[in-house]
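Hi there,

Here is the structure I promised to send you. Have a look around it first, and then read on for what turned up.

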Amino acid sequence: MTDGPQFFDEMFGRGETPRRPYGPFCDWFASEDIARLRRKSTEAEAFFRRTGITFNVYGQAEADERLIPFDVVPRVISAREWARLSKGIEQRVRAINAFLHDIYHRQEILRAGRVPVELIAQNEAFLPQMIGVTPPGGVYTHIVGTDLVRTSEDEFFVLEDNARTPSGVSYMLENRETMLQMFPELFTRIKVQQVQNYPMRLRRSLAAAAPRQCPGKPVIAVLTPGIHNSAYFEHAFLADQMGAELVEGHDLRVADGRIAMRTTRGFTPIDVLYRRVDDDFLDPMSFRPDSMLGAPGIMDVYRAGGITIANAPGTGIADDKAIYSYMPEIVEFYTGEKALLKNVPTWRCSEPDSLAYVLENLPELVVKEVHGSGGYGMLVGPAASKKEIASFRAKLEARPGNYIAQPTLALSTVPILTAKGLAPRHVDLRPFVLVAPDRIDITPGGLTRVALKQGSLVVNSSQGGGTKDTWVLED
Amino acid sequence: MLGKTAGGLYWMFRYLERTENTARLVEAGFRIALTRPDSAKDEWASVLDTIGVRNAFVEKRGEIDGPAVVDFLLRDKTNPSSVMSALKAARDNGRMVRIALTREVWEATNECWITLTEALARPVRERDLPTVLALIRQQSAQVRGALHGTMLRNEVYDFARMGTFIERADNTARILDVKYYVLLPSLAQIGSSLDNVQWETILRSVGGQRAYRFLHGGDISPRGIAEFMILDGRMPRSLAFCTRKISDNLGYLEIDYGQRVDSHDKVDRLLGSLTGSTIDQVFDRGLHEFILDFLSDAASLSQQIATDYRFTG
């Protein structure tokens, strides 16, 4: 057994009886036949495949579309727990937006010495092109996915602030849709807060952040890199559900000081562009000149206030892993309050003392690339072989500034359904936060990712992770 | 609607149609191979000509022989007209325009792709060929059924239909282009009218052998076949039928958009050349020239539609 009682299980706590939020589910589950439930999960898989809810894996040409495995046991969060979490998330997201505005304007936080200047000045995620630019409505991060992990009854940590282009929301929606279809009886028994209106909330939130000059109903479009992008399904899904156009770079051009899309009847200006293209590729005239994915000239239009780009260019400076370690200070600096959600203690390998500590304790630590994502290029000390640790050590010594390290957290587990019944697996949670000029709106639920391999702590879908429906209960 | 979306719909349905047409040509070739083994090799060569991939085939596979041709036409990823390539292109376009499709159309397309990818994962054994060909027909029929049954009759539908009919007209004309000589009077004297392999093959490759018999009874003649495939407005794969459909769809778009485009004039001229002719006039002017003119007009019509509706930037 790798998963002893040292891990907090969200269904059973550290004992045998279900925790309260799971009570009604466990009653239902006890009366169910496991074979039937297993059959249902196979059905769910067929449904996902037929619908084309797949993601593309880079560098694997043959199996280039894969399913993310779906587990039928929901992850349940009580209304009380959720209320606490959302307060913390809201505070953090508010601080992130204030930080971004500050960092691209007066840089008070640097002057106050709370965040070191080098961290900003030498950071690739900092966009000089954004200096002095205020986005329409003052919103930088229209959509945030705050990654949370839990370690005990009362302890949650923020693992990452995804402030660029967080993905996964389509899985939150399709997972719920699947559960509703497979187990309608559960939803009459248990009152679960709905997530299905997320696309409408997103639309409302984006529309509220349209440029001030925008008359009437704003025209919204989703910018995708195209059908070969790993999250293409989600781009199409969101455009479809919001009633927005799905555009690619070559559909766009500048016309009369606006960004316009080529339609069968001519060019139509866009007010809000929900872009799912990275900063680097957004505008070949301002960033990477070889980019075919963006719209040449969009930055000029943007700076002149002619379009809203969601999320704003340059927000990556707020979710950079080196900046992450300063989040408690950042929250306090801009809100005047202590951060409600904890940060995971983080060693910045750029600092000699920290580096020494990290090198000494590699087998116990998780080491991540500062700019990495998706679970690539990271070391999970306790799960790594001696050889892997040795080769990672070399990389770390060569470029210490490129890494941060964190203790290996005792991530909570939630059971999944296996052939033998329920078995605990580690999970994390990504709630989706919408920011409009006048409000922050958090959809009650999110994407629960689960490491399907026993004992594994890596939940990324590209590394064998699956997903679960996430239930936030009504009061 | 985005120009790209219009183009995506148009090409999605062109490729779907191509999938079906290639399968039908394989079916006709296979039939000959079974019933008239002596003519098999010539027939496979003319199937490759019709699809325009004879050189590519010879380069890649060498000597023409049945199983190799079948494999090349059904499965070969380097052959852009193979069933698998065309289907993949259809689905890629479908993914691109997914938000313009109903869930039913998308799922039918995706399921068609999943099913046929599986059925064509390995070379098809001769004894399985009829089943696989039937599967291709059936799967593509499901996409078409979903389109008819669930889509709004609006611009989306119009672009999808125009793609279908351009491809279909092109296919029928290509079959005639390769086989026109067997319909010429000089040769017609030679074969017996009761048992002319070539005539039967032409009809079979457009799935029209039963329809033709229904309309003409036992009176099977080259002129009858040519008329059936070129001018007969009841025959859903005839040049006249397809051209009229495109003109209709452009007409609906004209009402919708309040603007007449150049391709509409172009298609109406083409339609005029078909409806204004009798089959005797076609033969008098030269069947082959007529077909060649049609092919080039259809290609330029396709270009014009792409320009008029801004498929690309």
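A:Leu273 stands opposite A:Ile309, a residue of β12(A). Please keep in mind that this is a predicted model. Strand β11 of chain A, residues 272–275, pairs with β12(A) in the parallel sense, over three bridges.

Which sheet do these strands belong to? An open one of four strands in chain A, with parallel pairing and the order β7-β6-β11-β12. At its edges are β7 (245–247) and β12 (308–310), each of which pairs on one side only. From one strand to the next, the twist averages 25°.

Now back to A:Leu273. Setting aside neighbours within four places in sequence, A:Leu273 is in contact with A:Ala221, A:Leu223, A:Ile259, A:Ile307, A:Thr308, A:Ile309 and A:Ala310. In soluble globular proteins, nonpolar side chains tend to be buried together. The largest nonpolar core here has 208 residues, and A:Ala221, A:Leu273 and B:Leu9 touch the most other members. Helix α1 of chain B (residues 3–35) gives this core its largest share, 15 residues.

That brings us to chain B. How many helices and strands does chain B have? There are 16 helices and zero strands. The C-alpha trace of chain B spans about 55 × 50 × 35 Å along its principal axes. Chain B has a radius of gyration of 19 Å, which agrees with a compact globule, because 313 residues packed that way would have a value near 20 Å. Of those 313 residues, 48% are buried. Among the contacts in chain B with a separation of 6 or more, 71% join residues 24 or more positions apart.

Enjoy exploring!

Best wishes

Methods
Residues are numbered from 1 along each chain as its sequence is written. Chains are lettered from A and ligands numbered from 1 in the order in which they are written. This is a predicted model: local features need pLDDT of at least 70, side-chain atom pairs count only at pLDDT 80 or more; totals for chains, interfaces and linings use all residues. Two strands pair if DSSP finds at least two bridges between them. Helices (H or I, at least four residues) and strands (E, at least two) are DSSP runs, numbered from the N terminus. Axes are lines fitted to C-alpha atoms, for helices over the stretch in contact, and angles run from 0 to 180 degrees between N-to-C directions. A nonpolar core is a set of buried Ala, Val, Leu, Ile, Met, Phe, Trp, Tyr and Cys residues joined through C-beta atoms within 7 Å. A residue is buried if 20 or more other C-beta atoms lie within 10 Å of its own, exposed if 12 or fewer, and partly exposed in between; C-beta atoms are placed from the backbone. Two residues are in contact if their C-beta atoms, placed from the backbone, lie within 7 Å. The radius of gyration is taken over C-alpha atoms; the globule rule is 2.2 Å times the number of residues to the power 0.38.
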